[in-house]
Amino acid sequence: MGKRVSFPTRSFGSDAPEPEHDALAEWVGARRGRAADLITYHLEAGLVPQIEARVTLPCAGGRFYQRRLLDSLFGIEGTAITGEVGCDTLPFVQDTLDLDIMQKNLWFAAPSPRELGLTDRYFQDRDEAAHSVYSAYQEMMRAMRDAGIAGHVLLCRNPAGEELDVLAGRKVFFFCHDQTRKSLALLLEHQALVAIRPSALGLIRELMDEYDVQKIVLLDAEKEDLVQALELKDPDSLLCAGYCQDSCSQYWKSIVEKASIIR
């Protein structure tokens with residue numbers, strides 16, 4: 001009989017779950033005396049299923065956190081840069097402290113600067129405008145890490161070289177939905193851990209001749225995908241992961257249940 005091999009599981013966040021009226025009312029009542037809003041609810045509701053499923057590396061937040069970012073950045077009206085860009089770190093710190101009560105050393109997911117879709121009506125210089133936003137992001141992430149967040153996942157549809165140059169690092173991981181050879185190569189220029197759908201395993205096989213791929217994170221992996229990935233990496237260099245878009249309770253349980261095979 002073969003040996004069971006289990007892989008760590010990781011979250012890259014979730015979309016905002018649609019709140020049921022009764023559940024939201026109960027949640028508001030339980031937080032009496034503590035400041036909160038709908039984003040706070042989404043943060044907690046997205047995290048609870050991960051904790052219950054025992055995801056190895058849970059991650060709060062997701063694309064829905066864009067609203068908090070836009071509301072907390074100075075010099076921005078709507079999605080237009082209209083002045084010197086800054087950051088009110090208090091809302092981010094409060095979110096961190098709320099989440100820290102639920103579980104410590106969490107990762108946190110938020111849209112990357114480019115995903116905010118900002119237009120410049122102030123600097124009249126693309127690079128200066130972009131770097132002012134990057135600086136605000138660095139301030140935001142530093143404040144959250146100081147308050148207890150372990151690291152950040154920046155979500156993007158397509159990777160941008162300038163964002164990666166400035167922001168990627170040991171505690172900032174870019175999770176991109178684009179899975180082309182070009183986009184994966186750009187990611188691997190900045191981070192040795194790469195998150196891919198199983199359909200991109202062939203591309204990673206090719207890119208491993210050019211880049212140092214230390215770990216592969218497989219999204220929504222089935223058993224056969226893990227078998228294929230083991231042709232590229234040892235078990236200790238593979239993780240299973242996901243980003244929940246709906247029905248998160250069952251989703252994370254499935255991610256954890258499928259994160260093992262018999263060899």
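1. In which strand is the place of His152? His152 belongs to strand β8, residues 151-156, where strands are DSSP runs of E with at least two residues, numbered from the N terminus. At 0% relative accessibility His152 counts as buried, a term that means under 20% relative accessible area with a 1.4 Å probe and protein chains only.

2. On the basis of the note: this is a predicted model, in which local features need pLDDT of at least 70 and side-chain atom pairs count only at pLDDT 80 or more, while totals for chains, interfaces and linings use all residues. Residues are numbered from 1 along each chain as its sequence is written, and side-chain values use heavy atoms, with hydrogens and water left out.

3. Leaving aside residues up to four places away in sequence, His152 touches several others, among them Trp107, Met140 and Phe173, contact meaning heavy atoms within 4.5 Å.

4. Phe173 also forms a stacked aromatic pair with Phe12, at 5.5 Å centre to centre and 15° between the planes; rings of Phe, Tyr and Trp (its six-membered ring) pair if their centres lie within 6.5 Å, and planes under 30 degrees apart count as stacked. Phe12 in strand β2 and Phe173 in strand β9 are 161 residues apart, and both are buried.

5. Arg10 lies over the face of Phe173, at 5.4 Å from the ring centre, and over that of Trp107, at 4.6 Å; the criterion is NZ of Lys or CZ of Arg within 6 Å of the ring centre and within 35 degrees of the ring normal.

Notes: Helix = DSSP H or I, 4+ residues; strand = E, 2+ residues; numbered from the N terminus. Buried < 20%, exposed > 50% of the residue type's maximum accessible area, 1.4 Å probe, protein only. Phe/Tyr/Trp six-rings, centres within 6.5 Å; stacked < 30°, edge-to-face > 60°.
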